[in-house]
Amino acid sequence: MVPFFCCFCFFLFLIGFLGIFCLRRNLLIIIMSLEIMLLAINLNFIFSSIFFDIFDSQVFSLFLLGIAGVESVIGLVIFIIYFKIRSF
């Protein structure tokens with residue numbers, strides 16, 4: 001069961017990594033790819049905490065989800081400001 005979860009997290013991280021390095025022109029896809037990478041890391045923490053019966057990884061995963069939310073908000077604000085400046 002654990003190798004399936006590890007492979008699933010690895011493939012999610014790989015999709016995000018390839019999204020960043022293959023599609024560099026689109027800022028929105030880069031932000032989405034970063035979110036997919038952070039999701040893969042969070043899932044890996046949660047699966048490992050369930051497997052090893054450690055509660056600390058779940059708490060750390062909650063902190064990472066908060067950081068991911070703030071990162072996406074900041075990225076979208078930069079994206080909106082860029083297009084407001086560019087349109088004039």
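**Helix 2**

Next I checked the length of helix 2. The helix runs over residues 27-52, which makes 26 residues. At 1.5 Å a residue it should span 38 Å, and its end C-alpha atoms are 38 Å apart, so the two values agree.

Then I looked at both ends. At the start of helix 2, Asn 26 brings a side-chain oxygen to within 3.3 Å of the backbone nitrogen of Leu 28. Just after the helix, Asp 53 has a positive phi of about 60°.

**Ile 31**

What does Ile 31 touch, leaving aside its neighbours within four places in sequence? I found Gly 75 and Leu 76 in contact with it. I also looked up its distance to Ile 20, which is 11 residues away along the chain. The C-alpha atoms of Ile 31 and Ile 20 are separated by 8.3 Å.

I moved on to helix 3, which covers residues 56-87 and holds Ser 61. Is Ser 61 buried or exposed? Its relative accessible area is 1%, so Ser 61 is buried.

The side chain of Ser 61 makes a polar contact with the side chain of Asn 42, at 3.5 Å. With neighbours within four places in sequence set aside, Ser 61 is in contact with Asn 42, Phe 45 and Ile 46.

Ser 57 is also found in helix 3. I noted a relative accessibility of 16% for Ser 57, which therefore counts as buried. Not counting residues up to four places away in sequence, Ser 57 touches Phe 45, Ser 48 and Ser 49.

**Arg 86**

Arg 86 lies in helix 3. Because its relative accessibility is 55%, Arg 86 counts as exposed. I looked up its distance to Leu 34, which is 52 residues away in sequence. From C-alpha to C-alpha, Arg 86 and Leu 34 are 24 Å apart in space.

**Aromatic pairs**

How many aromatic pairs does the structure hold? I noted nine. In one of them, the ring centres of Phe 4 and Phe 5 are 5.7 Å apart and the planes stand at 55°, so this pair is tilted. Phe 4 has 55% relative accessibility and so counts as exposed. Phe 5 has 23%, so Phe 5 counts as partly exposed.

I then took the pair of Phe 17 and Phe 21. Their ring centres are 4.6 Å apart and their planes are at 55°, so this pair is tilted too. Both residues lie in helix 1, residues 2-22, and are four residues apart, about one turn of the helix. An α-helix has 3.6 residues a turn, so residues three or four places apart point the same way. Phe 17 counts as partly exposed, at 37% relative accessibility. Phe 21 counts as partly exposed as well, at 45%.

I also found a cluster, in which ring pairs link Phe 4, Phe 5, Phe 8 and Phe 47.

**Cysteines**

I searched the whole structure for disulfides, and the search finds zero. For a disulfide the two sulfur atoms would have to be within 2.5 Å.

I compared the exposure of the two residues. Cys 6 counts as partly exposed, at 42% relative accessibility. Cys 9 counts as buried, at 4%.

**Confidence**

Last, I looked up the confidence of the prediction. The mean pLDDT of the chain is 87, and 97% of its residues reach 70 or more. Confidence is highest in helix 1, at a mean of 90, and lowest in helix 3, at 87. Where pLDDT is low, the predicted coordinates should not be read in detail.

Technical notes
Residues numbered from 1 in each chain as written. Predicted model: local features only at pLDDT ≥ 70, side-chain atom pairs only at ≥ 80, totals over all residues. Heavy atoms only, no water. Phe/Tyr/Trp six-rings, centres within 6.5 Å; stacked < 30°, edge-to-face > 60°. Buried < 20%, exposed > 50% of the residue type's maximum accessible area, 1.4 Å probe, protein only. Helix = DSSP H or I, 4+ residues; strand = E, 2+ residues; numbered from the N terminus. Polar contact = N/O pair within 3.5 Å; in protein donor to acceptor, adjacent residues only side chain to side chain. Contact = heavy atoms within 4.5 Å. Expected span 1.5 Å × (residues − 1). pLDDT = per-residue confidence, 0-100.
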